[in-house]
Amino acid sequence: YLLAGCGMTYGFVIDNRKCIGCHACSVACKAEHDIPLGVNRTWVKAIEKGDFPNSRRFFSVLRCNHCANAPCTAICPTTALFTRKDGIVDFDPDRCIGCKACLQGCPYDALYIDPDTNTAAKCNFCAHRVEVNLAPPCAVVCPEKAIIAGDMDDPATEIAHLIRTEQVQVRKPEKGTRPNLFYIDADTASLTPAATTNGDSYLWSQAREPGIHPGEPVIARSPDPEDGRGGLDEAPLQDGSLGVYGTGQTHMGSWGGKVSAYLWTKSIASGCLMLAPEGTHGERKVG
């Protein structure tokens, strides 16, 4: 690792040929940032295909994509989210007002509201470690070295070599966000939020959505692209994929009364300013 900010672009490569779904990356991330229970900056999604005994499980590590054209930074009203010179999309919790606009703008469900601070948070590439020439802990602890992090602009790095020589893919390229998180040999169903159906059982626990009958497939519905709430894919892929494990960290319809009140009062204030009579400012009495 070199010092950040010298004309470089940091990114991740997830090699799905090696990932064993051990969740070591998730645990290391939680330990590094003291993340509360119920939310995650990085997590592992597992899906299954086929019928026993001819079944197979696929894993995908999901997190912030550190997009070159990040919608979360554009929509944030307080510039609490920003893109650093080295390509890392970072955030300043002291500027965050918890409006959840970034949650609505991100098509990857990478952000969450910290239950302790009520501010937004996400993977920030462990920028505090990068600045002292250390790799993110998720890449350090991965026993299979399936997570590769580094400077994509430096041809001598492993990540640059993999992007040049391997067939890589990104999540939701149609969104135009230009993600800097690349996957090798990833199953399409594991990368698309609405591409799998959910059964009534999970990896380590039993769960069933209210109103769903046993055995009835649950379609993971996503916001309509026309309503401005994220534009995730609506129709699942018909390939028999079954989601068996995930964090449930989705933010559909997460705007609450605070955001509505914020937008409403802001509109009133803007209207009052526009209707203010001319000549009321800067006038001076003569004589």
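A charge sits over a ring if NZ of Lys or CZ of Arg is within 6 Å of the ring centre and within 35 degrees of the ring normal. With that in hand, look at Arg 63, which lies over the face of Phe 12 at 4.3 Å from the ring centre. Likewise, Lys 49 lies over the face of Phe 58, at 5.8 Å from the ring centre.

Before going further, a word on what you are looking at. This is a predicted model, in which local features need pLDDT of at least 70 and side-chain atom pairs count only at pLDDT 80 or more, while totals for chains, interfaces and linings use all residues. Residues are numbered from 1 along each chain as its sequence is written, and side-chain values use heavy atoms, with hydrogens and water left out.

Rings of Phe, Tyr and Trp (its six-membered ring) pair if their centres lie within 6.5 Å; planes under 30 degrees apart count as stacked, over 60 as edge-to-face and the rest as tilted. By this rule there are two aromatic pairs. In one of them, the ring centres of Tyr 10 and Phe 125 are 5.6 Å apart and the planes meet at 50°, so the pair is tilted. This pair links distant parts of the chain, since Tyr 10 is in strand β1 and Phe 125 in the loop between β7 (120-121) and α4 (127-130), 115 residues apart. Strands (E, at least two residues) and helices (H or I, at least four) are DSSP runs, numbered from the N terminus.

Are Tyr 10 and Phe 125 buried or exposed? Both are buried, that is, under 20% relative accessible area, where over 50% is exposed and in between is partly exposed (1.4 Å probe, protein chains only). In soluble globular proteins, nonpolar side chains tend to be buried together. A nonpolar core is a set of buried Ala, Val, Leu, Ile, Met, Phe, Trp, Tyr and Cys residues joined through side-chain atoms within 4.5 Å. The largest one here has 49 residues, and Phe 12, Leu 111 and Ile 147 have the most contacts inside it. A second, separate core of seven residues includes Val 13, Ile 148, Ile 159 and Leu 162.

Now turn to the strands, where two of them pair if DSSP finds at least two bridges between them. β9 pairs with β10 (residues 181-184) in the antiparallel sense over two bridges, and Gln 169 stands opposite Tyr 183 in β10. Elsewhere, β2 (residues 42-51) and β3 pair in the antiparallel sense over ten bridges. A hairpin of two residues joins β2 to β3, and Ala 46 stands opposite Phe 59 in β3.

Finally, visit some loops. Ala 68 is in the loop between β3 (54-63) and α2 (71-75), and its 41% relative accessibility is why it counts as partly exposed. Leaving aside neighbours within four places in sequence, Ala 68 is in contact with Thr 177, Arg 178 and Asn 180. His 23, in the loop between β1 (10-15) and α1 (24-33), has a positive phi of about 70° although it is not a glycine.

Definitions and conventions: Contact means heavy atoms within 4.5 Å.
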